[in-house]
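Trainee: I would like to go through this model feature by feature. Please give the general rule each time, and then the case at hand.

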Amino acid sequence: MTANDQAILDVAEMSPKIVKWSRTLDILVVIVAAFLIMAVSHIGFLLLAGDWDFFIDWKDRQYWIVITPVVTIMMAAAFQSIFWKLFRLPIGATASVLLFLLSVWIVRYHSWEGLAHFPLSLVVPATCLVGAILLDAILVLTRSWLVTGAVGGVLFGLMFLPSNWVYMAPYFQPVENMGQMTSLADWLGYTYPRAGTPEYIRIIERGTLRTFEDSAMWVSAFFSGFICVFVYITFWWIGQAACSIKYVPIGIKFKEAFGANDAAKKVAV
């Protein structure tokens, strides 16, 4: 313990035992907050992005590049706003995306590979960690949420494809399957079939963007960056609203039920 720390404890009149319990409480709060961020981010992603990031043969060059970063930046912006507003720490986006990615890996490993026996190569999750780091870096350099949203939002969408292409590129290689030309990702999808409902039997990458041929993925990436700007601004304000304390007026009967009126009268007397 430094002399500065000891001086602060002397002014606060805190004994070493109280300091120990205070630090233990801080650790517990951090752990609970981490699990809360993991749960909120993961549930939100499952509800909004759904299956687009599950299987390797569904990670197409149109919708996956748009949907995944747009949904991920929601919680990244909200938690970045909360961390910046309450603690002045530019780590909200990186911490939330990192915890979200950790929770996804836990689920994919234990539930999909452990229980359903799907190989991890078929259900490997995407990452938006590079874009989250850029968001925090821009915020700490500019100290402006508007600049972070305008510049960082675009970079968040644009960096999604390059940061995931490292492991995705081999799955787009052409292979021959029963006399037909297909990609390695689709071949894996044929080998490990999913449920039999119609929405789970689909061949993706069919749409008007195919007219752009090989540049379809970059058209999707730029569109994703454009949408991320507006999504970031929206959820930044949602995070700001979450930091504001609101008092709800309580009726007299409710106060009397909990003895609040009696306590107020005693204090007044």
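Trainee: What pattern does the chain follow along the sequence?

Mentor: Helices (H or I, at least four residues) and strands (E, at least two) are DSSP runs, numbered from the N terminus. Here the order is α-α-α-α-α-α-α-α-β-β-α-α-α-α, with twelve helices and two strands in the chain. The model is predicted: local features need pLDDT of at least 70 and side-chain atom pairs count only at pLDDT 80 or more, while totals for chains, interfaces and linings use all residues. Residues are numbered from 1 along each chain as its sequence is written, and side-chain values use heavy atoms, with hydrogens and water left out.

Trainee: What share of the residues in the chain is buried?

Mentor: Buried means under 20% relative accessible area, exposed over 50%, and partly exposed in between (1.4 Å probe, protein chains only). Of the 269 residues in the chain, 38% are buried. Accessible areas come from the Shrake-Rupley method with a 1.4 Å probe, and for residues only the protein chains shown count as cover. The chain has an accessible surface of about 16,100 Å², and carbon and sulfur atoms hold 70% of that surface.

Trainee: At what angle do helix 2 and helix 3 pack?

Mentor: Axes are lines fitted to C-alpha atoms, for helices over the stretch in contact, and angles run from 0 to 180 degrees between N-to-C directions. Under 35 degrees counts as roughly parallel, over 145 as roughly antiparallel, 65 to 115 as roughly perpendicular and the rest as oblique. Helix 2 (residues 16-48) meets helix 3 at about 150°, with the axes 9 Å apart, so the two helices are roughly antiparallel. Helix 2 contributes Ile 37, Val 40, Ser 41, Gly 44, Phe 45 and Leu 48 to the contact, and helix 3 contributes Thr 68, Val 71, Thr 72, Met 74, Met 75, Phe 79 and Phe 83. By class, the contact of helix 2 with helix 3 has nine nonpolar, four polar and no charged residues. Ala, Val, Leu, Ile, Met, Phe, Trp, Tyr, Cys and Pro count as nonpolar, Asp, Glu, Lys and Arg as charged, and the others, Gly among them, as polar.

Trainee: How does helix 4 pack against helix 6?

Mentor: Helix 4 (residues 92-115) and helix 6 (residues 129-142) pack at about 160°, with axes 7 Å apart. Helix 4 is therefore roughly antiparallel to helix 6. On the helix 4 side the contact involves Gly 92, Ala 93, Thr 94, Val 97 and Leu 98; on the helix 6 side, Leu 129, Ala 132, Ile 133, Leu 135 and Asp 136. The contact of helix 4 with helix 6 comprises seven nonpolar residues, two polar and one charged.

Trainee: Is Ser 103 buried or exposed?

Mentor: Ser 103, a residue of helix 4, is buried because its relative accessibility is 7%. Apart from neighbours within four places in sequence, Ser 103 contacts Met 38 and His 42.

Technical notes
Contact means heavy atoms within 4.5 Å.
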